[in-house]
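Please read these points beside the model.

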Amino acid sequence: MSRQNLLPCIKTACLRQTNITAVAAAGDGGKWNTQLRNLSKQGQYSQALILYRQMLRSGAAPNAFTFPFILKSSSALSLTLTGTQLHCHVIKSGCHLEPFVQTALITMYCRFSSLENAHKVFDEIPHSTRSTVCYNALISGFVQKSRFSNGLLLLREMRAREVPVNAVTILGLVPGCTAPEHLDLGMSLHCLTSKYNLITDLAVANCILSMYVHCGSISSAKKLFHEIPDKNLITWNAMISGYSQNGLGGEVLDLYQDMQSANICPDEVTLVGVLSSCANLGAQRLGREVEEIMNRRGFGFNPYLKNSLISMYARCGDLARARAIFDAMPDKNLISWTAIIGGYGMHGQGDIAVELFDRMIRARIRPDKAVFVCVLTACSHAGLTQKGLDYFHSMKSVYDLDPGSEHYSCVVDLLGRAGRLAEACRLIDSMPMGPDGPVWGALLGACKIHKNVDLAELAFAKVVEIEPKNIGYYVLLSNIYTETGDSEGVLKIRVMMRERGLKKDPGYSYVECKGKTHLFIAGDRNHSQTKEIYSKLEDLVRGCREKEYGEIASNNVSVHSERLAIAFALLNGNDSERDILVIKNLRICGDCHVFVKSVSKLVNRRFVVRDATRFHHFSGGSCSCNDYW
């Protein structure tokens with residue numbers, strides 16, 4: 001093959017080259033190779049190809065030290081034809097039996113997704129000279145191209161032929177274990193690393209740790225994390241991400257504190273995980289500290305962190321700050337729009353959520369399934385029934401998106417809240433996939449709003465077939481029986497729960513005050529200010545009754561947690577202009593909803609309560625949900 005036949009793009013680039021000819025035209029191969037190596041290491045791959053062409057023109061002959069650099073440059077630029085031509089040069093120069101050249105060829109073809117050619121190069125290597133590095137190159141190529149089983153077969157061949165397994169082998173294989181069904185294989189590879197004493201290599205340990213996180217085995221990840229003696233930033237980030245992705249926000253914040261104590265400086269990956277956990281827990285104070293760190297470290301323009309900040313502030317009740325960050329972003333991507341639309345929907349401001357969704361469409365941002373969940377939820381919480389139905393139907397007709405069960409769940413909730421229970425049932429019957437727990441759960445929740453016991457019993461029977469251990473559904477039907485005066489039904493649910501070994505999750509609420517988080521459970525008397533809290537609560541109830549602000553239920557023996565949190569916040573808060581934010585793990589009950597509305601009018605304070613489903617903004621005796629939740 002002619003040396004003049006390299007890609008035309010190289011010729012074009014050559015015209016722009018100025019200094020490359022500084023290499024002696026007649027110099028020996030060593031000087032050429034040194035320059036090629038430097039260009040390759042610096043990522044100047046186009047310049048390396050130009051230099052190689054000049055090397056050929058000068059009459060210098062490439063050798064086994066030349067080709068690894070030039071093959072790497074070709075693969076980095078995805079120049080498939082150039083790579084094939086270079087392979088011909090390798091054969092013509094007689095370097096095809098050199099191990100480093102063979103490895104570079106295998107790696108190049110893998111980068112080109114030409115696994116057949118990569119395997120052909122590998123097969124041409126005699127068994128007696130197949131080195132670890134050749135096996136590693138092909139294993140890595142197979143795994144990166146989702147052919148994990150082929151990689152495992154090569155590992156088995158290595159062990160059968162007693163070819164040494166090293167850290168690179170493991171680093172090539174372990175990333176193939178990315179889902180829970182791969183956990184057993186991942187654990188086997190972990191055992192193998194221990195057998196060969198490779199787990200002491202920090203890169204290997206971090207890789208195994210990430211594998212456990214991806215496979216959802218947090219207990220195994222935690223155990224390995226504590227066994228690693230010298231943790232680096234990657235180690236900490238892997239564990240923080242693992243906790244965050246599995247909803248373990250408290251563990252994330254504890255680990256972040258340990259990381260700071262160990263003088264490990266966080267990066268963007270760390271802060272995304274921490275912000276996500278702050279959002280889940282409502283830890284706004286720490287979220288603000290993270291924003292300050294972002295600005296000090298120059299991360300303020302990172303779009304992932306900006307989007308995380310929007311979500312964090314929205315879920316911590318500060319929707320104004322979330323909107324300010326969103327509006328200040330010069331380039332808003334789909335995730336940015338999804339975060340702010342979801343925030344407004346969560347706060348019951350469906351009109352604004354809809355307006356933002358329409359603005360997004362006008363900005364030519366194509367919606368995905370996730371943002372449709374947000375806008376449908378917003379319509380449901382705000383009672384925008386027809387608007388929500390229009391969006392649902394547009395998914396397929398306008399955007400060619402097949403609605404998933406999560407979208408059907410939103411629409412069942414939308415119709416159910418509006419009292420259109422028969423339509424909700426027909427929608428469930430029309431679903432192309434089998435209805436899942438959230439779909440039946442949405443119908444059950446709608447039955448509670450409208451006190452439809454017969455349909456509630458049908459929905460309950462369906463949902464407990466799918467999710468028999470989900471205590472929330474049992475509590476929901478029990479509450480329906482209670483509200484309709486069916487004591488036998490309540491007893492039936494209690495017996496069912498007892499027989500199935502189910503216990504109701506305790507309700508708890510927490511509030512931040514002076515930099516600390518104070519948690520209360522129903523009937524809590526363990527707080528250091530218990531006497532003052534209950535006294536304040538009695539004053540609030542008495543004041544509301546005297547003003548006749550509503551029917552305030554009171555029970556001094558067992559008081560719901562949000563009432564205790566509000567009484568504590570009023571006792572200890574000095575800033576009358578600041579909203580009092582209470583985070584609750586369960587749905588706020590009707591009695592407590594009336595209580596908080598009345599107290600907001602009595603003391604002229606704004607309260608924000610985030611329960612299990614949405615935000616409630618209480619002010620002047622009313623709630624943002626308009627008693628529709």
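1. Helices (H or I, at least four residues) and strands (E, at least two) are DSSP runs, numbered from the N terminus. On this count the protein chain has 32 helices and 6 strands. Residues are numbered from 1 along each chain as its sequence is written, and side-chain values use heavy atoms, with hydrogens and water left out. This is a predicted model, in which local features need pLDDT of at least 70 and side-chain atom pairs count only at pLDDT 80 or more, while totals for chains, interfaces and linings use all residues.

2. Overall extent. Taken along the principal axes, the C-alpha atoms of the protein chain fill a box of roughly 105 × 55 × 50 Å. The chain has 629 residues, and 49% of them count as buried (buried means under 20% relative accessible area, exposed over 50%, partly exposed in between, with a 1.4 Å probe and protein chains only).

3. Contacts. A contact means heavy atoms within 4.5 Å. Among contacts in the protein chain with a separation of 6 or more, 63% join residues 24 or more positions apart.

4. Charge. The protein chain carries 69 positive and 59 negative side chains; Lys and Arg count as positive and Asp and Glu as negative, with His and the chain ends not counted. The place of a charge is taken as NZ of Lys, CZ of Arg, CG of Asp or CD of Glu. The centres of the two sets lie 6 Å apart.

5. On a 1 Å grid over the protein atoms alone, a cavity is a set of points where a 1.4 Å probe fits but cannot get out, and a pocket is an open set with protein on both sides within 12 Å along at least five of seven lines; lining residues have an atom within 4 Å of a point. Grid points are joined across faces, edges and corners, and a volume is the space filled by probe spheres set on the points.

6. The second largest pocket has a volume of about 610 Å³. It is lined by 25 residues, of which Glu512, Arg578, Asp579, Ile580 and Leu581 are the closest to its centre. Two or more lining residues come from each of α17 (284-297), β1 (508-513), α31 (561-572) and β3 (580-584). Which element gives the largest share of this lining? It is β1, with 4 residues.

7. The structure holds 1 cavity of 30 Å³ or more, and the largest cavity has about 30 Å³ of space. Its lining consists of Phe520, Asp524, Arg525, His527, Thr530, Ile533, Tyr534 and Leu564. Helix α30 (residues 530-546) gives the most to this lining, with 3 residues.

8. Ile139 lies in helix α8 (residues 132-144). Is Ile139 buried or exposed? Ile139 counts as buried because its relative accessibility is 0%. Beyond residues up to four places away in sequence, Ile139 touches Gly151, Leu154, Leu155, Met158, Thr169, Gly172 and Leu173.

9. Ser217 sits in the loop between α12 (202-214) and α13 (218-227). Ser217 counts as buried because its relative accessibility is 11%. Apart from neighbours within four places in sequence, Ser217 is in contact with Leu183 and Tyr212.

10. Most residues other than glycine have a negative phi. Asn263, in the loop between α15 (249-261) and α16 (268-281), has a positive phi near 60°. Arg364, in the loop between α21 (350-362) and α22 (369-382), has a positive phi near 65°. Asn263 is exposed, with a relative accessible area of 69%; Arg364 is exposed, with 78%.
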